[in-house]
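This report covers domain layout, annotated positions and the surroundings of selected residues. Please keep the sequence and the structure in view while reading.

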Amino acid sequence: MNISIFGLGYVGCVSLGCLAKNGHTVVGVDINTTKVNQINSGRATIVEKDIDTIIAEQFEQGRIRASSSYYMAVMETDLSIIAVGTPSTEKGHLNLSYLFSLADRIGNVLQEKDSFHVLAIRSTVMPGTCEQIAARIESKTGKVRNVDFAVVSNPEFLREGTAVHDYYNPPLTIIGTESEKAEAILRSIYEELPGQIVVTSTKTAEIMKFVNNTFHAMKISFANEVGNICSSLSIDSHQVMNILCQDTQLNISDYYLKPGFAYGGSCLPKDLKGLQMLAHDLYLQVPLINSINQTNEIQKQRAIALLMKYSHRKIGFLGIGFKAGTDDLRNSPAVELVESLMGRGFAVKVYDRNIQISKLTGANKEFIDQRIPHLAQCMAEEGRELLDWSDVLVICTKENEFTTLMSSAYGKTVIDLVNLPFDNHSSNQYFGINWSSGAEASRAPVLSYS
């Protein structure tokens, strides 16, 4: 394929060499004549393991060249990869002026081009940027996005020092587009690479770089805070973290990485508090660990805020234990939610087959007697009873029974705190606590794998 790459910095130079090595004919474009001259002399524009050799070899084979001509680069290629800088402003926003300026210049060329052209944005951008770029090009050219051209999000995850290795060994490749034609073109340049190709919505692809790198930063900071605690106690922090990483069922897995309601139960809150107090007693600052409970409280308040507008409606709760499959009410966020609404005078009922008020003994009975002695009066004995009574249904746990029950719910407002999989009827008004409104959008995202 004939490919143009705009921006011959770190990402652009690596992409230039690696795509050429895969057999494509690639032209690099940059306003910096020094970089253009370097490529046209068979020299890399960056210092990076292996890329100098690749650039030299591919230049000798005639697969790469560089130019300052936007017109030539767009007219003679089918795909333009955009790898210009999007540096942070003083306030932390991204400076997209270079990107938009480039998009306008490419748009000027596309006015004269008849064939379908794809712009793949590799630069780090905020969600919605590809849409803005497409709108600018439409306005300038009169052409229609995803018909005459497409703007695709194709984020890169190259690490300095191992960029060539990372390019050829990606864990996955992300393509964000609503155009099947653009998807096919992008797939064709990555199909030889290992790892899945994940096709998703443009906005989803745009946010992935931020989410990935923030997660990596959080992991480093968490390991350092744990390390500081361990060091103060003469514990081998590396051994601790090595043991942590050996658990791939829970610790290194997707088990807890699902947006939804707050955590609860007897273990997580207690042990988190214990580690916080240990750090406090050692006179250590652990702001990341100390912020975890605050984030959990914010999620509870988010649920309350969602329900406050329904003060004159009958609200039914599906599940009140701290998670599915248990009758444990200790530190259950659903209990706090029910308490809060009842305290505000809301009409509330609860259904949870795991909670049998008459059979509760021990810690649960003591908890109910002290905290919510009136719970027995608002418990529904059957799920159908709750469904018929309620105007608003709040799904608090992922019980299989609730999936069946919700499939027969009609004309309800549904507040889903756990992303329960069920066939939502169109007569329902559906809200997820932190995902898009509309059950189909939230539970069936645009994703394809290969």
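Leaving out residues up to four places away in sequence, N428 touches A409, Y410, G411, K412 and V414. The model is a predicted one. N428 sits in the loop between strand 12 (413–416) and strand 13 (429–432). Its relative accessibility is 9%, so N428 counts as buried, the cut-off being under 20%. Two polar contacts involve the side chain of N428, as follows. A polar atom of that side chain lies 2.8 Å from the backbone nitrogen of K412, a residue that is also among those touched by N428. The side chain of N424 makes a polar contact of 3.0 Å with the side chain of N428.

At the level of the chain, the division is into domain 1 (2–200), domain 2 (211–258) and domain 3 (294–432). Between the C-alpha centres of domain 1 and domain 3 the distance is 49 Å.

The UniProt record, an unreviewed entry, lists D30, K35, T86, T124, E160, K270 and R330 under "binding site". Do these positions gather at one spot or lie apart? They do not all gather at one spot, because they span 301 residues in sequence and the farthest two C-alpha atoms are 63.2 Å apart. From this set, T124 belongs to the lining of the largest cavity.

K35 is placed in helix 2 (residues 33–39). T124 is found in the loop between strand 5 (117–121) and helix 6 (129–141). With the corresponding neighbours set aside, T124 is in contact with T86, L94, K209 and F210.

The table gives the relative accessible area for the residues described here.

| Residue | Relative accessible area | Class |
|---|---|---|
| K35 | 25% | partly exposed |
| T124 | 21% | partly exposed |
| N428 | 9% | buried |

Why is T124 classed as partly exposed? Its relative accessible area is 21%, and the buried class applies only under 20%, so T124 falls in the partly exposed class. K35, with a relative accessible area of 25%, is partly exposed as well.

Technical notes:
Residues are numbered from 1 along each chain as its sequence is written. This is a predicted model: local features need pLDDT of at least 70, side-chain atom pairs count only at pLDDT 80 or more; totals for chains, interfaces and linings use all residues. Side-chain values use heavy atoms; hydrogens and water are left out. Domain bounds come from an automatic or database domain assignment. UniProt positions are given in the numbering used here, feature names are shortened, and annotations may be inferred rather than shown by experiment. On a 1 Å grid over the protein atoms alone, a cavity is a set of points where a 1.4 Å probe fits but cannot get out, and a pocket is an open set with protein on both sides within 12 Å along at least five of seven lines; lining residues have an atom within 4 Å of a point. Helices (H or I, at least four residues) and strands (E, at least two) are DSSP runs, numbered from the N terminus. Buried means under 20% relative accessible area, exposed over 50%, partly exposed in between (1.4 Å probe, protein chains only). Contact means heavy atoms within 4.5 Å. A polar contact is a pair of N or O atoms within 3.5 Å; within protein, one must be able to donate a hydrogen and the other to accept it, and residues adjacent in sequence count only if both atoms are side-chain atoms.
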